[in-house]
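Thanks for coming, everyone. Please take a look at the structure on the screen, and then I'll walk you through it.

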Amino acid sequence: MKTLVLLVLTCLVITACGGGNNNGNSGSGSETNSGSNSGNENTAGSGNGDSGEVKNEKLIVYTNSNSDGRGEWWIEQAKQAGFDIEIVGAGGTDLTNRLIAEKNNPIADVVFGLNNIFYENLKKEGVLTKYVPSWAPQVWENLNDPEGYYHALVKQAIMIGYNEAEYTPETAPKSWQDLYTNEAFKGKYEAPTNLTRATSRLVVAGILMPYIDENGDLGISEEGWNELKKLYDNGQPMVEGEDLYANMAAGKIGIGTVVSGEKFKREAEYGVKVGVVGPEGGVPMVVEHIAIVNGTKKLDTAQRFVEWFGSAEMQGKFAAEFSAMPVIPEAANQAPDHIKQLFGNMKAQPLNWSFIAEHIDLWAEKIELQIIN
C-alpha cells in the first residue's frame with residue numbers, strides 16, 4: 001500500500017511540472033495550421049492558470065503599411081481581440097534590409113505589408129518561418145507563397161494619377177511612356193526618384209519589363225535604359241517630406257504615382273480630386289502579405305495573431321475602413337463600391353516577379369548612380 005501511494009504522488013508531481021506555457025519554439029506547429037487557435041477565441045489572459053485561457057505575449061510587428069491611420073486602427077482592433085502589438089513602420093526597402101540585418105537576433109515577431117519582391121528576398125535570406133493559416137485556402141489562386149512562408153492580404157494598384165482640376169481623361173497621359181515622351185507633360189509630373197519606396201521601384205519595374213534582354217546590362221536592353229532615362233529627365237524629382245496630394249492641391253504638381261489603397265483617404269484629407277490612368281498594357285498590381293519572422297520566441301502568439309489578422313472578418317472590416325481590396329472573396333465583398341469600380345477598370349500588367357526580385361536592388365543602384373540627374 002505504501003508503495004502504491006508513493007507511485008501516485010510521483011505521477012502527480014510529473015504532471016504538474018509538465019503544464020507550463022509553451023512559447024512555440026518546439027514541435028512542428030510552425031509548418032502547419034494551428035487548428036483551434038482561432039484569433040476570435042483569444043483573450044489576453046490574466047496568467048492565473050485558469051483552464052482554457054490563453055496568454056498572448058506582446059508582439060513587435062514590422063510593416064510598411066501603417067500610414068494614414070492604418071497602424072493605429074490595427075493596434076486598437078488587436079487590443080479588442082486580446083493582442084498587445086507594437087508597430088514599427090518603415091519603407092519597404094528599409095524594412096527588408098532591417099529584417100535581414102536582424103535575422104540572427106530577430107526583434108520583430110510578425111511582418112505585414114510589403115510585396116512579393118521583398119518577401120522573396122526575405123525567404124531567400126531565411127528571415128521567415130513556414131506557417132499556413134486556416135484562411136489561406138480562401139485566398140484567390142496563385143497569390144500565396146506556394147511554399148507556405150507568406151500569405152496574401154490585399155491587392156494594390158500602382159497608377160498614374162492626375163489632378164482633375166488641371167486635366168481631363170482626354171488631356172491626361174495615357175501611359176508612363178506618353179508621360180515622358182509628350183512635351184505637354186514635360187516638367188509637370190513627379191518622377192519616382194525615391195527608390196527606397198516600394199511604389200517607386202514598381203513603377204521602374206513596370207517600365208523596364210518590355211525590355212528584358214539576357215545580354216543587356218542587368219538583364220535590360222540599352223533601349224530600356226534609355227526609356228527610363230527619359231522618365232527622369234522630363235519629370236520633377238520627389239522632395240523628401242512633401243506629399244504628392246498636398247502638392248497637387250497647392251498647384252505645384254499635376255501628375256504623379258498614386259496607390260489604390262491611399263487614394264481616397266488622401267483626396268479627402270487634402271481636398272483634391274485625383275483621376276487615374278488605366279493603360280492598355282495594364283498597371284503594376286501588387287499583393288501585400290503577412291508572415292512570421294523566423295526565430296521569434298513568441299511563435300504561439302504570432303500564429304494566433306496571423307490567424308486573426310488575415311481572416312475574412314478582419315480584412316473585410318479593414319476594406320470598409322480604408323478602401324482596400326482584400327484577396328479573400330468574402331472580405332472583398334465588403335469593399336466600398338468605389339474601390340470595386342476602380343479595380344474593375346484596371347488591368348494587371350504582366351510582371352516577372354522572380355526576375356524583378358533578382359534584379360531590383362541592382363537596378364535601383366544603377367538608376368541612383370547613373371541615370372537620375
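A word on terms before we start: helices (H or I, at least four residues) and strands (E, at least two) are DSSP runs, numbered from the N terminus. This is a predicted model, where local features need pLDDT of at least 70, side-chain atom pairs count only at pLDDT 80 or more, and totals for chains, interfaces and linings use all residues. Residues are numbered from 1 along each chain as its sequence is written, and side-chain values use heavy atoms, with hydrogens and water left out.

Confidence next. pLDDT is the predictor's confidence in each residue, from 0 to 100. The mean for the protein chain is 87, and 86% of its residues reach 70 or more. Residues 1–51 have pLDDT below 50, and this stretch has 56 contacts in the model beyond near neighbours in sequence. Contact means heavy atoms within 4.5 Å.

Now the overall picture. The protein chain has 14 helices and 12 strands. Of its 373 residues, 52% count as buried. Buried means under 20% relative accessible area, exposed means over 50%, and partly exposed is in between (1.4 Å probe, protein chains only). Take the contacts with a separation of 6 or more: 74% of them join residues 24 or more positions apart.

On to the pocket. On a 1 Å grid over the protein atoms alone, a pocket is an open set of points where a 1.4 Å probe fits, with protein on both sides within 12 Å along at least five of seven lines; lining residues have an atom within 4 Å of a point. The largest pocket holds about 920 Å³ of space. It is lined by 37 residues, and the closest to its centre are Arg197, Thr199, Val259, Glu262 and Arg266. Which helix gives the most to this lining? That is H6, with 4 residues. Among the other elements that supply at least two residues each are strand S5 (151–163), helix H9 (260–270) and strand S11 (285–293). By type, the lining divides into 14 nonpolar, 14 polar and 9 charged residues. Here Ala, Val, Leu, Ile, Met, Phe, Trp, Tyr, Cys and Pro count as nonpolar, Asp, Glu, Lys and Arg as charged, and the others, Gly among them, as polar.

In helix H11 (residues 312–322), the buried residues include Met314, Phe318 and Phe322. After H11 comes Ser323, with a positive phi near 55°.

Now some single residues. Gly281 sits in the loop between strand S10 (274–277) and S11. Its relative accessibility is 45%, so Gly281 counts as partly exposed. Beyond four places in sequence, Gly281 contacts Lys347, Gln349 and Pro350.

Asn116 is in helix H4 (residues 116–124). Is Asn116 buried or exposed? Asn116 is buried, because its relative accessibility is 16%. Its contacts beyond four places in sequence are Tyr150, Val287, His289 and Trp353.

Last, Asn142. Asn142 lies in the loop between strand S4 (128–129) and S5. Its phi is positive, about 70°, although Asn142 is not a glycine. Asn142 is exposed, with a relative accessible area of 72%.

Key:
Points joined across faces, edges and corners; volume = space filled by probe spheres on them.
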